[in-house]
Amino acid sequence: MIAPPKTPTSEGSAEKPPSPRRRRRWRLAAWLLAACFLLAAVLAAAAPALLSTGPGLRFLLSVINSGNAGRVAIESLALRWGAGQRATGIAIFAADGKRIVEIGEATTGAGLWQLLFRGNAAFGSTAISDLRAELVFDDEGESNLLAALSPPGERKKRKRSKEPVRVPRSLAFGAVVRNASIAISASNVDPVEFTGVGLRATLAGIAEPLRFECEGQSRQGSLAGAFEAKGEIRDAFDAAGNLAAGAASGEIDAATSNIPTGALDALLALDGLLAELLGGDIDATIKAKLTPGAREVDVAVTTPNLEARLRGNDAQGAFSLSGPCRAFLTLTPECAERLFARGGAAERAPKLAAALPLECTLSELRVPLPYAGAASIAAKFEVTALRDARFELPAARAGGGAASEVVIRGLRAYAMTGGDEPGIVTAALQATVEPCAETGAIAIDASARRAIGANSAPVDFDVTLVSERLNGKLAARLDRDSVLALAAPARFDIVLTPELAARLANVAAAEIPLDEPAAVAVTLRELRIPLAPFSPARCGAAAEAAAARIALRTKEPKRRALLYDVKLAATADGSGGAVRFDFGARAEPAAGATPAAQHIAAQGTIGDLFGANGALRRDAFTLSARAALAALPAARLDGWIGGEPLAEALLGAEVNLTATGEFQVVTGSGGGGGGGGAMAGAVAIDFAATHARGKLRGKIADGTLTIAEPIAAEVDATKELGAKLLAKLSPILKGVHGEKPIRLEVAADGFSLPLRDLSLRALNAPEVRIDIGRVTIENDVVMESLLALAKRESRAEMPAWFSPLVIEVRDGRAAFTRRLDLLIDDGLHLATWGSVDLADFAYAETLALPATALAKVFRLKHLEADDIYLIPVRGTSRKPQIDFRRALADVAALQAKDRGITELLEEAARIKNPFARALVEGQLKEAARFLGEYVRRGEKPPPPSVEILPWAEK
């Protein structure tokens, strides 16, 4: 046998065989690698079992819960690579640890291997048992479940995917949900609970029909309901698993009974509005029929407030109505108030007085499919009130008076889009408003236009008002910043009646001085109302009102005062600071006066109208104003003050006056100033009339005027002043007149004049000083009788000298606090005192002849210094009652007695016996002291107004 040749090495020698140690290392590595592969295979095969153990389950839950605000818990888990998976005690907790969802058991027939690696979605029999969920929705419609499964501090937003819906081609299942219970709660909605919810659905494959049915019960408070649905959908997916809705066919039938609207309200985040609108529960039937290329739907809904039925189809590439859809909705007062509250106008809005039935008709609807945006929709929706709508005015409620209603008749509103103006929605409203008798029935025709597409698109408004007493038109725009502004100046022609003026001022019609309706033209030149958010303080406006003539009604006596060319302008800049106003008018000219000279003007600012939150302050605001009267007929003032016409006698034909004031106005306090409000502040008045000049510096508080310093004035001593004003105080002042003015001074201490009852009877003035001085006096009936009594020559006019007249005005009476002394014709000294009733100017006075006058005029010798002869004065200034016939008889008897005593004294003087002579003379002198009832002793008159009478100084 020949041996094989040796293979040469690099060194020319043969290769050595491997050593036994090296062979052992290679075998160990191979065994280790095989062991790793075997261990990995064992672990992979055992992974479901490992995850089903306690440590494995905790590991799996840690992965699931990482990054979530809430927590998922599973009591037990049984996973298999093969068919059949099972989990029990599944729960989801919120961040605060409160349980949200609990599932007793969840099983599926699918294998874990087919789901993870083969992508086979044939789930087989799948069941969920004993589901319990407590869902809470916030004001934005997000649930606590969504918040628990979101990262802390983040919110998952519900997004609508634009990708086509696709399912695995192997999708197949038989799903069952048993004994589910779901509770839903939200703010302002009573909790709703669905119990006994069951669901069964089967899909043998995507080419097979999907069959389903479900049922359950509901409860909200004492309201119990039920629901059920079943159906079959065929050809819903194509061979690739894409949703093929256009090719699907099938039928769906559903019905509900007493389903609480609160659940839908919470899901839609409507804050109770849907429940208010529809009522507490819903009964509905839904029938849908699907055919390739078309779908038909028939929905009937019945709630306590709504009955509606809609039928439509989506044939020819669009969803359209099969016929007009009519709904009958009852709008309740509570729902109307909720709607106004959502718009932020609950306090300012009228209140619906009774439930209002409405007929709503959707006569046209076409929505292209697929949906291409709101601008592509064509629709027409109309609402008609089936009876009159009655609203209670908020101003009447705020004023505390009787409720006042506005009646809306023939209400019809509609909205439409498409047609000749694609992309534009037009809304219109027609109605007749009858606000009692203030304005007559007002026909309202309003329309609005808005481009569809952008939420901030501007809205254009046009409003036309037509009535017997109100006509106008307004065009405005709501811009992208939610600011409503005029598109052009708007004019309204108003017939202002006393009733309408009272309604606008929120006072009784009796307090409005309008004597007849007035035609007023109101022009809105600017208007700017920010609506988001709305605040009166941010509103800007410029308005003017003008009237050719306004007839006003004076107080007592009832007279008419006419104003011409009346204009009022008011502006608010929207900064919330103030409202400025400017008023001007001409008064009815006095006889012989220049019409252009009669003018009334007032300018001022109303401030602090808005509070810190921007709301209108109804409790208090400030008023700064300046008023001027130029050549105003003084007779016009008598009507406003009431009572006897005295202003013209005191002031003359015309008055020029300026007044300034700074006031705090508090409404609703019942103080003075009219309108149920009170003013507090300072006022300064300066006047210069035809026959008078003066000034007043005062304060107003609690509706009453007081003065800070004495009122000082000068009044010309005209014949009219004596005859019409001074004669009211005493009959002997009737004919007073002179060249020098009479000085008038009213003390500040104790002076008060309530402004709400502006009359002499309401005046309180503890000290009024009237310095008449030396004047001329006419010889009228009273003066002629006095002169006859004094046996003096009677002349048409005579000089007269008066001491200052000091009176007190209180509680409707003017009383002399000092005696008034006067010297007539430089020889006859008289005095008078007493009081006058300012209601009818009835006298309760006394005329007196002092001892000096008795001795001088009647030559009486036996008088003492305090002897005085009294003559009562009664009656009124128009018909004084003085019994001069009795006075003449008294004086004659007085003279006779005085002469008889004189003769006896002369005889006594001739008695020679001194003792007897003294006794007789003493008795006669004692008798002289008592001249009978004709000389009054002991009735002391008031002291004179001055210590030294004016003529005594001469």
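Predicted model: local features only at pLDDT ≥ 70, side-chain atom pairs only at ≥ 80, totals over all residues.
At 45% relative accessibility, D826 counts as partly exposed, a label for values between buried (under 20% relative accessible area) and exposed (over 50%), with a 1.4 Å probe and protein chains only. Residues are numbered from 1 along each chain as its sequence is written, and side-chain values use heavy atoms, leaving out hydrogens and water.

**The chain overall**
- You'll find 16 helices and 50 strands in the protein chain; these are DSSP runs, helices being H or I with at least four residues and strands E with at least two, numbered from the N terminus.
- Of the 954 residues in the protein chain, 38% are buried.

**D826 and its partner**
- D826 and R774 join their side chains in a salt bridge (3.5 Å, N to O), meaning a side-chain nitrogen of Lys or Arg within 4 Å of a carboxyl oxygen of Asp or Glu.
- The two sit 52 residues apart, with D826 in the loop between β46 (820–824) and β47 (828–837) and R774 in strand β42 (residues 774–778).
- R774 is partly exposed too, at 42% relative accessible area.

**Other salt bridges**
- The structure has 30 salt bridges.
- R234 pairs with E251, their closest N and O atoms 3.2 Å apart.
- R234 is in strand β9 (residues 223–234) and E251 in strand β10 (residues 249–260), so this pair ties together parts 17 residues apart in sequence.
- R211, E232, R234 and E251 are linked in a salt-bridge network.
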